[in-house]
2 protein chains.
Amino acid sequence: MNTTTAPQVISPEQLLKHWQGHRALTRHVIEAFPEKDFFEFSIGGMRPFSKLASELLSIAVPALKGIVNRDAQPYSEEATETLTTKAQYLQKWDEATEEINLYFKQIPVEDFEKTFNLFGQYEFPIIENIFYFIDNEIHHRGQGYVYLRALGIEPPFFWTRE
Amino acid sequence: MNTTTAPQVISPEQLLKHWQGHRALTRHVIEAFPEKDFFEFSIGGMRPFSKLASELLSIAVPALKGIVNRDAQPYSEEATETLTTKAQYLQKWDEATEEINLYFKQIPVEDFEKTFNLFGQYEFPIIENIFYFIDNEIHHRGQGYVYLRALGIEPPFFWTRE
């Protein structure tokens, strides 16, 4: 992450675009679920997709706020507990999209390599934590694809990014 | 990706480590499947995990070879068609690990931003194609987690990277 001596391959702007592209796809996956199945359908004792979406919402903005403010407050899904309809999730998702744009841009490029104890629990370079958010989202969304297939619903194309 | 004017956040070495960390986790997922289920179990008409692993193997090394040699040969799963046991998949996986290390390091840092028509079909900057390989692997592996859960098998921790 040393911007003068070590050549690098992705800029903060590209990383933000990459993440938001994935978030756009996850939004389509939320939309694809029937209302009832979004909250109830699961396989093998796993969480329904609404709970996975709650996790993603509870990471993205709170984590970025924590990074920007160097505030190691613990992870909590409390703010998503009032969401009881798909429409509410989608609205929260869209609000998060704007907030992510806002906070992400407040991370100075030289800070990405700095270590921060995210949620008071994950002490890693900020860049690694951000990749973890994205990877975790792809992982859970992939699970959502199986739920949709099991429900007989065609998921969005994986390469959809808007 | 301009290494002199635009500050960047991840180096080629870090990106390779990131990918290989994910590949190590995917290897554990392959290992976790019972032999028969690896080739036969599926949900909702999806491919069994062996076929998803075939796809991942058919992308990684062939794609990197194509990038390094600027050879836009078409995508093919032919080289994985002879694999009929989990042990053979794991051996092929380990061979690919070494080959990925070899070819990845042959991509000059200034080339990551250059466009290449991967498999004669995906004309994007090389960095975007490489992120796509990783994301596609996380996506399909997430599906494998659901298969394992449906089989009553505890998958490896998501944060496992070796």
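In this predicted model, 34 residues of chain B are in contact with 34 residues of chain A. Together the two chains bury about 3200 Å², and carbon and sulfur atoms account for 71% of that area. Polar contacts across the interface, counted where both residues reach pLDDT 80 or more, amount to 10 residue pairs. The number of salt bridges found between chain B and chain A is 0.

On the side of chain B that touches chain A, helix 1 (12–32) and helix 5 (126–150) of chain B each contribute at least two residues. Helix 5 of chain B provides the largest share, with 14 residues. By residue class, this side of chain B consists of 20 nonpolar, 11 polar and 3 charged residues.

In one of them, the ring centres of A:Y132 and B:F158 are 5.6 Å apart. The planes of these two rings stand at 65 degrees, and because an angle over 60 counts as edge-to-face, the pair is assigned to that class. This pair crosses between chains: A:Y132 belongs to helix 5 (residues 126–150) of chain A, whereas B:F158 is located in the segment after helix 5 of chain B.

Over all chains, the structure holds 14 salt bridges, although the interface of chain B and chain A has 0. One of the salt bridges joins A:E31 to A:R27, with 3.2 Å between the closest N and O atoms. Both residues, A:E31 and A:R27, are part of helix 1 (residues 12–32) of chain A. Their separation of 4 residues corresponds to about one turn of the helix.

The confidence values of the prediction are as follows. For the complex, the predictor gives an ipTM of 0.95 and a pTM of 0.95. The average pLDDT of chain A is 95, and 96% of the residues of chain A score at least 70. Where pLDDT is low, the predicted coordinates should not be read in detail.

Terms used:
Residues are numbered from 1 along each chain as its sequence is written. Chains are lettered from A and ligands numbered from 1 in the order in which they are written. This is a predicted model: local features need pLDDT of at least 70, side-chain atom pairs count only at pLDDT 80 or more; totals for chains, interfaces and linings use all residues. Side-chain values use heavy atoms; hydrogens and water are left out. Contact means heavy atoms within 4.5 Å. Buried area is the accessible area (1.4 Å probe) that two parts lose on being put together, summed over both. A salt bridge is a side-chain nitrogen of Lys or Arg within 4 Å of a carboxyl oxygen of Asp or Glu. A polar contact is a pair of N or O atoms within 3.5 Å; within protein, one must be able to donate a hydrogen and the other to accept it, and residues adjacent in sequence count only if both atoms are side-chain atoms. Ala, Val, Leu, Ile, Met, Phe, Trp, Tyr, Cys and Pro count as nonpolar, Asp, Glu, Lys and Arg as charged, and the others, Gly among them, as polar. pLDDT is the predictor's confidence in each residue, from 0 to 100. Rings of Phe, Tyr and Trp (its six-membered ring) pair if their centres lie within 6.5 Å; planes under 30 degrees apart count as stacked, over 60 as edge-to-face and the rest as tilted.
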